[in-house]
Amino acid sequence: MPCMGKTMLADKYKNKKHVLVLGLESSCDETATSVVRRFKDGQIEVLSSIVASQDEIHAPYGGVVPEIAARAHMQKIEGLIGKAVDKAGVGWADLHAVAATSGPGLIGGVITGLMAAKGLAVSLDIPLIGVNHLEGHALSPRLTSDCPFPYLLLLVSGGHTQLLSVKGVGDFTRLGSTVDDAAGETFDKTAKVMGLGFPGGPAVERMASTGNPKAVKLPRPFFGKPHADFSFSGLKTATMRAYDKLDSNSKQDKADLAASFQQAVCDVLCDRTKYAMDKFNHGNNGSRRFVVAGGVAANACIRSALEALCADKNFILIAPPLKYCGDNGAMIALAGAERLVLGLVDGLDVSARPRWPLDQDSADKNPASGFGKKGPKS
Ligand code: KG4
Ligand code: ZN
């Protein structure tokens, strides 16, 4: 790829009728590939999106095993790239760029996807874009909905729980984040302790469906506090203690605890979001758009509680469809396409970053805080 300045590159691609970008995602336990078309007016068409889950191979361990994940990505990625291009009905020569998650995430998986993308960029002579996985989630509602900037974002996944003001591509301000565990991580650990299986979020949700959410009294950390941060470790510990006291043979007791836990997470997410909505209202051109994204956004109880909150606070809720809540290649291809038309491409020396905060400003001010203690993507 000949060396071109950012402005020249932007001019080259933003004036095209459309750009076609291949996206690769391999930062945790999904190997995902996709081809996305971005039209000149910003409309998006997902031509293919393939997600190969590793749930089965990690299930016996009750969590993602990084070494096993990396091997599985290596075995699958080549075939899935071919499938995404075939399914999209385009030729290799039609691709304008290749984008891959270059962090944050489990380093073995990130390297696998990024190296595959580098190889393609060289052999096809097209630009390479290293995408922040969190930016993929942040832009994911734009795959299917009209969602102009700015908007308030609740990003809830296995490794992150953050409230951000999204002002543009690469332009994020963090309003709050978890000081310990991420929401998805709390679901996963609770499911593991209760013996519900892996991945924990959907397992807890299934079990909760027949339970009484008021049956067990559990804490709501930071509820009502004048800030937008989260904490889940106290809730997790309280749920574990409550489980120890249960008659473990009673399916109803288990369902009641799962429902009570899920309700506590729901209440905390809504309470912190409510605070952030008031903050966001100052200085965002009167935008009333609220986006929830990330794996936990697939939870029906959480979605409907946020819907009610939005109705109350006069916000419009925009949530990606379930298939784009969890990790997928389409959100990475989309972030790549948005970056391509801005001339934001990377050199072949771009490195894999296990940690990579979305909001660089606050990370610079206080690198140690606010991104969760030990989530795979903290
Ligand atoms: O976004 P994602 O696929 O990967 C990360 O970037 O972390 O999110 C995965 C997380 C897991 O912790 C999983 O248990 C959680 O999302 N999750 C859910 C549900 N579906 C997935 N949590 C609660 N309810 C669900 N239905
Ligand atoms: Zn994710």
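**Entry 1: contacts of the ligand**

I began at ligand 1 and found that one of its oxygen atoms lies 3.0 Å from a backbone N or O atom of Gly295. I keep in mind throughout that this is a predicted model. Turning to side chains, I noted that an N or O atom in the side chain of His137 is 3.2 Å from an oxygen atom of ligand 1, while a polar side-chain atom of Asn299 lies 3.1 Å from a nitrogen atom of the ligand. I then looked up how much of ligand 1 the protein covers, and the value is 89% of the 550 Å² of accessible area that the ligand has on its own.

**Entry 2: the surroundings of the ligand**

I looked next at the pockets, and the space taken by ligand 1 is the largest pocket. Which elements give two or more residues to the shell around the ligand? I found helix H5 (133–139), helix H6 (183–193) and helix H7 (200–208), and I noted that H7 gives the most, with four residues.

Counting residues, I recorded that 20 of them surround ligand 1, and that the closest are Gly158, Asp188, Gly201, Glu205 and Gly295. By class, the residues of this shell divide into four nonpolar, 12 polar and four charged. I also checked the domains, and the shell draws at least three residues from each of domain 1 (6–141 + 326–356) and domain 2 (148–319).

**Entry 3: the backbone**

Pro150 lies in the loop between H5 and strand E6 (151–156).

Where does Pro199 lie? I placed Pro199 in the loop between H6 and H7, and I noted that the peptide bond leading from Phe198 to Pro199 is cis, with omega near -5°.

I located Phe222 in the loop between H7 and helix H8 (233–244).

Notes
Residues are numbered from 1 along each chain as its sequence is written. Chains are lettered from A and ligands numbered from 1 in the order in which they are written. This is a predicted model: local features need pLDDT of at least 70, side-chain atom pairs count only at pLDDT 80 or more; totals for chains, interfaces and linings use all residues. Side-chain values use heavy atoms; hydrogens and water are left out. A residue is near a molecule or strand if one of its heavy atoms lies within 4 Å of it. A polar contact is a pair of N or O atoms within 3.5 Å; within protein, one must be able to donate a hydrogen and the other to accept it, and residues adjacent in sequence count only if both atoms are side-chain atoms. Accessible areas come from the Shrake-Rupley method with a 1.4 Å probe; for residues, only the protein chains shown count as cover. On a 1 Å grid over the protein atoms alone, a cavity is a set of points where a 1.4 Å probe fits but cannot get out, and a pocket is an open set with protein on both sides within 12 Å along at least five of seven lines; lining residues have an atom within 4 Å of a point. A molecule sits in a cavity or pocket if more than half of its atoms lie within 2 Å of its grid points. Ala, Val, Leu, Ile, Met, Phe, Trp, Tyr, Cys and Pro count as nonpolar, Asp, Glu, Lys and Arg as charged, and the others, Gly among them, as polar. Domain bounds come from an automatic or database domain assignment.
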